[in-house]
Amino acid sequence: MTETKKSKNSWQLSWSHKKYDYFDRMLQVKDGKDTFYQSWGRKPVTNIDRFKEGDVVYISCKKKCIAVGEIVEEFKQYENIIEDDDCIFDSNERDDRHANKWYCKIKINNIYDSGKQPELRGNQNTFCSPSKAFWKPI
């Protein structure tokens, strides 16, 4: 019996430029710190099990795709809120946003250079699967 390879899903991860220092994060990646923990956020965790190790993540900010990565550790609940120096909002909002303590670990594999960033509409949800995205067949 041969094992069939499970196909990877592709997701969009939206960062707000008002709440997250994406530029600093990309500088850190260029300096070799290419993995980070991503919070699930405030929404219910009903679909959290759909996100699997190896899934592709397209990261958007300001309606542009700034990077592509992959999930290297699936979502799990931690005992404490994981600190993220690139969060711009105050600690009360951060604590509220991350109160459920669900995080996955993402490794960035490619950064799009300024001027070469594909259009990618921003989203209200942190994670989504947009119906019309540049990586999806027409």
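Predicted model: local features only at pLDDT ≥ 70, side-chain atom pairs only at ≥ 80, totals over all residues.
**Notebook: pockets, sheet and rings**

I started with the largest pocket: strands β2 and β3 (56-61) each put at least two residues into its lining. β2 is the top contributor there, with three residues. Elements here are DSSP runs numbered from the N terminus, helices being H or I of at least four residues and strands E of at least two.

Residues are numbered from 1 along each chain as its sequence is written, and side-chain values use heavy atoms, with hydrogens and water left out.

**Largest pocket, continued**

I looked up the volume, and it comes to about 610 Å³. A pocket here is an open set of points on a 1 Å grid over the protein atoms alone, where a 1.4 Å probe fits, with protein on both sides within 12 Å along at least five of seven lines; lining residues have an atom within 4 Å of a point. Points join across faces, edges and corners, and the volume is the space filled by probe spheres set on them.

Which residues lie nearest the centre? The lining has 28 residues, and S14, W15, S16, K19 and R97 are the ones nearest the centre. I sorted the lining by class and got eight nonpolar, 13 polar and seven charged residues. (Nonpolar is Ala, Val, Leu, Ile, Met, Phe, Trp, Tyr, Cys and Pro; charged is Asp, Glu, Lys and Arg; the others, Gly among them, are polar.)

**Second largest pocket**

This one has a volume of about 240 Å³. It is lined by 14 residues, with F23, M26, Y112, S114 and Q117 closest to the centre. Helix α1 (22-30) and strand β4 each supply at least two lining residues, and α1 gives the most, namely five. By class I get eight nonpolar, two polar and four charged residues.

**Sheet**

I counted two helices and six strands, which run β-α-β-β-β-α-β-β along the sequence. The six strands make an open sheet with mixed pairing, in the order β2-β5-β4-β3-β1-β6. β2 and β6 (127-128) are the edge strands with a single partner each, so one side of each has no neighbour in the sheet. Strands pair if DSSP finds at least two bridges between them.

I then checked β5 (residues 102-111) from both sides. Towards β2 (residues 35-39) there are five bridges, antiparallel. In that pairing, Q38 has C104 as its bridge partner, and Y37 is opposite K105. Towards β4 (residues 64-77) there are eight bridges, also in the antiparallel sense. There, V68 stands opposite N110.

**Rings and burial**

My search of the whole structure turned up 15 aromatic pairs. In the W15 and Y20 pair the ring centres are 4.5 Å apart and the planes are at 40°, so I log it as tilted. (Rings of Phe, Tyr and Trp, the last by its six-membered ring, pair with centres within 6.5 Å; planes under 30 degrees apart are stacked, over 60 edge-to-face, the rest tilted.)

Are W15 and Y20 buried or exposed? Both are buried. Of the 138 residues of the protein, 38% count as buried. (Buried is under 20% relative accessible area, exposed over 50%, partly exposed in between, with a 1.4 Å probe and protein chains only.)

W11, W40, F51, F75 and F127 make up one aromatic cluster. The charged end of K43 sits over the W40 ring, 4.5 Å from its centre. (That calls for NZ of Lys or CZ of Arg within 6 Å of the ring centre and within 35 degrees of the ring normal.)
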